[in-house]
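The sequence and the model are shown first.

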Amino acid sequence: MAAYIKLFLLVFFYLFFLVLNGQETTSQNDQLETAKEYYKKGVSLYYTEEYEKSVEYLNKAIVIAENTDNYIVFCRATNVKGHAYLMNDQNQEALEAYYSSIDVAQKNKDLNQEIITNSGLVLVYKKTNQFKKALNLSRWMLKSIDKTSFKNTTTHVNIITTGSEAYLDTEQYDSVVYYADQGIALSTSLDYKEGLVDLYIKKGVVFYHKEQYEEALSYLSKAEEILQNHEVKNKFYPIVNSTYFVASCYYKQQLYDKAITRLHKAIDIAEENDLLKIPVLQSHLLLANCYAQKKDFENALYWNNTYVTLNEAYQKRKDKTINKIYQKDAQKLKGSIENLQYEHEKDERIKKYTGIGLLLISLLLIGIVFAYLKKQRSNKQLFTDLIKKIDALEAQEKEGVTKKDITKEIVIDDDKVHGVLKGLARLEQQEFYLRSDCNLRAIAKKVKTNATYLSKIINIHKEKNFNEYINDLRIDYVVKRLKNDRKFRSFSIKSIATEIGYKSDYSFAKHFKAKTGLNPSYYIKNIEKKETALETVG
């Protein structure tokens, strides 16, 4: 009997455990479904630009995801939360949300989630003017996409658009076109209209900045044709973005009436909460300039004053984060409108009092002395840093670490490109760049290609143009040789310039200063001082 009771109790507790466990699993599933509903609601509110409410629902989803240990829901909700903060100009909060998502994605070794989150992080860097960070992160994403399930999908296109925008911000136009063409081909195969619109606009912007306005208008027209004939998500921003650059092309071509018509259309469709968005804001300033060029000063002043009022509100709201593409145009247009206003108003200049003039001269002299002392301190620090850098490179060379060892491997599919890069490496070893006849055509001939193709390869794979590439090699060579070769230091600046391939000492000094921050004479003088001090101590 006792054995029967014992067996009964064992069966009872086992069944109770199964029921309890089943209830717990069911409860977790219910919680997860609730989290997903909160997430969907948060996303919906994000798209209707109700960012604070969106964050409320996303936080509820995040709490449940943490409790149920579901990192996918956690990452997705945290990403959208970061986007909501970003759109609401809460950059620090957006940064924290993205970092939180990246930490979880990395712990779970989920490259897909990591790349999606980094797309948002790139936008934070852009908004806070950290363009170099944005570019480096974009490069990593573009190289990593092949290792994810996103390859050849719309997400792949979105990564390309993010990366090409980082190249656009840093004015690396060949790279923008290179990636935009890839994205356009992929978007066409996927029939992805949003990707096509974005990338056509980016190519239009590239040719606008290159002052090839007809080419720019052709790409912008392609984007506008898609926007008119197809259903595209979030149409407003691409419409006003494209319109702004079309009008800018017309302005540059002195077609002011066409530009004015375009700009009025963009401003008319903007609602009150759109007025502080960059393309709309800049459209007001461009419109003022168009009217000023037509000598319609009444309208010019009206639209300029409207721009000034909006811009003040923008600066407060945006915490001084400005989109670099528009910032470049804004400075030119501000200068233009100020000059035209000056011409229109023709205010009499106020006569300068002698006392004020003397005070200004005194302040100027004090400023010059201060700037000189500051420059000396800056030069000293630059010199110290440069010597440390050279010492480190020489130490690596002594240990047998070659440039190839310390350079990240570049995966190159094209055999022709690979051959050209090998040829460039060989010419670097032979120090061909020190010859005065070293130019694009000469090197192209050496590596068995044409000058245009070589220029594009250097732009993309060396991430600099041809002149920067040769100048960097020459200056790297000369700073090391000057440090170690006393006889070479005794040469005149002109002789040193000739020795390393420059046709004039002015050109050499200019590129030396651009690369190191120092004048060659200052560098040589301080190398001598350093050696003399060491010899005295010895």
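How closely do the axes of helix α9 and helix α10 come, and at what angle do they cross? In this predicted model, the axes of α9 (residues 193-209) and α10 (residues 213-229) come within 7 Å and cross at roughly 160 degrees. Angles over 145 degrees count as roughly antiparallel, and α9 and α10 are therefore roughly antiparallel to each other. Their crossing is left-handed.

On the α9 side, the contact is made by Lys193, Leu196, Val197, Tyr200, Ile201, Lys203, Gly204, Phe207 and Tyr208. Helix α10 contributes Tyr213, Glu215, Ala216, Tyr219, Leu220, Lys222, Ala223, Ile226 and Leu227. By class, the contact of α9 with α10 has 13 nonpolar, one polar and four charged residues.

A second pair is formed by helix α5 (residues 111-127) and helix α6 (residues 131-144), whose axes cross at roughly 155 degrees and come within 9 Å. That angle makes α5 roughly antiparallel to α6. Helix α5 passes α6 in a left-handed crossing.

From α5, the residues that meet α6 include Leu111, Ile115, Leu121, Val122 and Tyr125. Among their partners in α6 are Phe131, Ala134, Leu137, Trp140 and Met141. The contact of α5 with α6 divides into ten nonpolar, four polar and three charged residues.

The axis geometry of the two pairs is set out below.

| Helix pair | Axes come within | Crossing angle |
|---|---|---|
| α5 and α6 | within 9 Å | roughly 155 degrees |
| α9 and α10 | within 7 Å | roughly 160 degrees |

Technical notes:
Residues numbered from 1 in each chain as written. Predicted model: local features only at pLDDT ≥ 70, side-chain atom pairs only at ≥ 80, totals over all residues. Heavy atoms only, no water. Axes fitted to C-alpha atoms, helices over the stretch in contact; angles between N-to-C directions. Helix = DSSP H or I, 4+ residues; strand = E, 2+ residues; numbered from the N terminus. Parallel < 35°, antiparallel > 145°, perpendicular 65-115°, else oblique. Left-handed = near helix turned anticlockwise from the far one by under 90°. Contact = heavy atoms within 4.5 Å. Nonpolar A, V, L, I, M, F, W, Y, C, P; charged D, E, K, R; others polar.
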